[in-house]
Every structure is written in structure tokens, then in C-alpha cells.
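Work through these exercises with the sequence and the 3D view side by side. Try each task before you read its solution.

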Amino acid sequence: MREGYIVLATGSAPYIEMATNLAASLRVMDPGRGVCLVHDEGAALPAETRRLFTDFAVLPADPLYPPLMNKLRLSGHSPYDRTMYVDADCLLVKRDVDLQWER
């Protein structure tokens, strides 16, 4: 079973930067799981960002969903069998994340 994290970064560039920082912390604290970045069409993804994520998905614009509501649309974009959503403004600072996956 493939497990991984999904991170949403749509809108302005600071969200991509925060998501990149989160991915870096996940790579250090939980290197065995994938990390998927869900982003806008045409988002500028720096090389550093591309290196830290294992998967990418484009979230098409939908006028029925204001930006805050885009989290509700993520389930269909995960490439993993089991997915944990993490807000882009978070960092993983402990290695005991397996406890969360078991829950």
C-alpha cells in the first residue's frame, strides 16, 4: 500500500514557498512516504520545489469553490492509497509520525 502526504498550494507564490518548506521537513522526518503538491495550472515551480515533491497534481480553477474551499476537492487528486493532508504552513518536527498514520 502506497502512503503519502498531499499539500495544497494555490494562489500566490508564498503558498508554494510554504509548501516547499513543509516538503523539506517531511523528507527529513518521514523519508519513506511520498509528498504530492497540488497546485494551480501554470504555477511557477522552482527547481528546489520540484526536487522535494515526489508527485504533482493540477487543481483546475472552479468558480464554485472559493480558494479556501479547495481543500474539499483534494481527495480526487491524491496518487496514494492512503493520504494525509497537511496545510502548507506546517512543518513536521518529530519523527514519530507513524503514530498519526496508525490512527
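The exercises below cover cores, strands, salt bridges and contacts.

This is a predicted model, where local features need pLDDT of at least 70, side-chain atom pairs count only at pLDDT 80 or more, and totals for chains, interfaces and linings use all residues. Residues are numbered from 1 along each chain as its sequence is written, and side-chain values use heavy atoms, with hydrogens and water left out.

**Exercise 1. The largest core**

Find which residues of the largest nonpolar core touch the most other members, and which elements supply the core.

Solution. 

Step 1. A nonpolar core is a set of buried Ala, Val, Leu, Ile, Met, Phe, Trp, Tyr and Cys residues joined through side-chain atoms within 4.5 Å. Buried means under 20% relative accessible area, exposed means over 50%, and partly exposed lies in between (1.4 Å probe, protein chains only).

Step 2. The core has 18 residues, and Tyr5, Val7, Ala19, Leu26, Val35, Leu37 and Phe53 touch the most other members.

Step 3. Assign elements. Helices (H or I, at least four residues) and strands (E, at least two) are DSSP runs, numbered from the N terminus. Strand 1 (3–9), helix 1 (13–29) and strand 2 (34–39) each give at least two residues to this core. Helix 1 has the largest share, with five residues.

Step 4. Look at Phe53. Contact means heavy atoms within 4.5 Å. Leaving out residues up to four places away in sequence, Phe53 touches Val7, Ala19, Thr20, Ala23, Arg27, Val35, Cys36 and Leu37.

**Exercise 2. Strand 2 and its partners**

Decide whether strand 2 is largely enclosed or open, then find its partners.

Solution. 

Step 1. Count buried residues. Six of the six residues of strand 2 are buried, so strand 2 is largely enclosed by the rest of the structure.

Step 2. Check each face. Gly34, Cys36 and Val38 are buried on one side, and Val35, Leu37 and His39 are buried on the other.

Step 3. Find the partners. Two strands pair if DSSP finds at least two bridges between them. Strand 1 and strand 2 run parallel, joined by six bridges. Ile6 stands opposite Cys36. Strand 2 also pairs with strand 3 in the parallel sense, over four bridges. There, Phe56 is the bridge partner of Leu37.

**Exercise 3. Salt bridges**

How many salt bridges does a search of the whole structure find? Examine three of them.

Solution. 

Step 1. Apply the cut-off. A salt bridge is a side-chain nitrogen of Lys or Arg within 4 Å of a carboxyl oxygen of Asp or Glu. The search finds six.

Step 2. Take Asp55 and Arg2. Their closest N and O atoms are 2.9 Å apart. The pair links distant parts of the chain: Asp55 is in strand 3, Arg2 is in the segment before strand 1, and they are 53 residues apart. Asp55 is buried, at 16% relative accessible area. Arg2 is partly exposed, at 42%.

Step 3. Take Arg82 and Glu3. Here the closest N and O atoms are 2.5 Å apart. Arg82 in strand 4 and Glu3 in strand 1 are 79 residues apart. Arg82 is partly exposed, at 32%.

Step 4. Take Asp30 and Arg33. Their closest N and O atoms are 2.8 Å apart. Asp30 is buried at 9%, and Arg33 is buried at 12%. Salt bridges that share partners join Glu3, Asp30, Arg33, Arg82 and Asp98 into one network.
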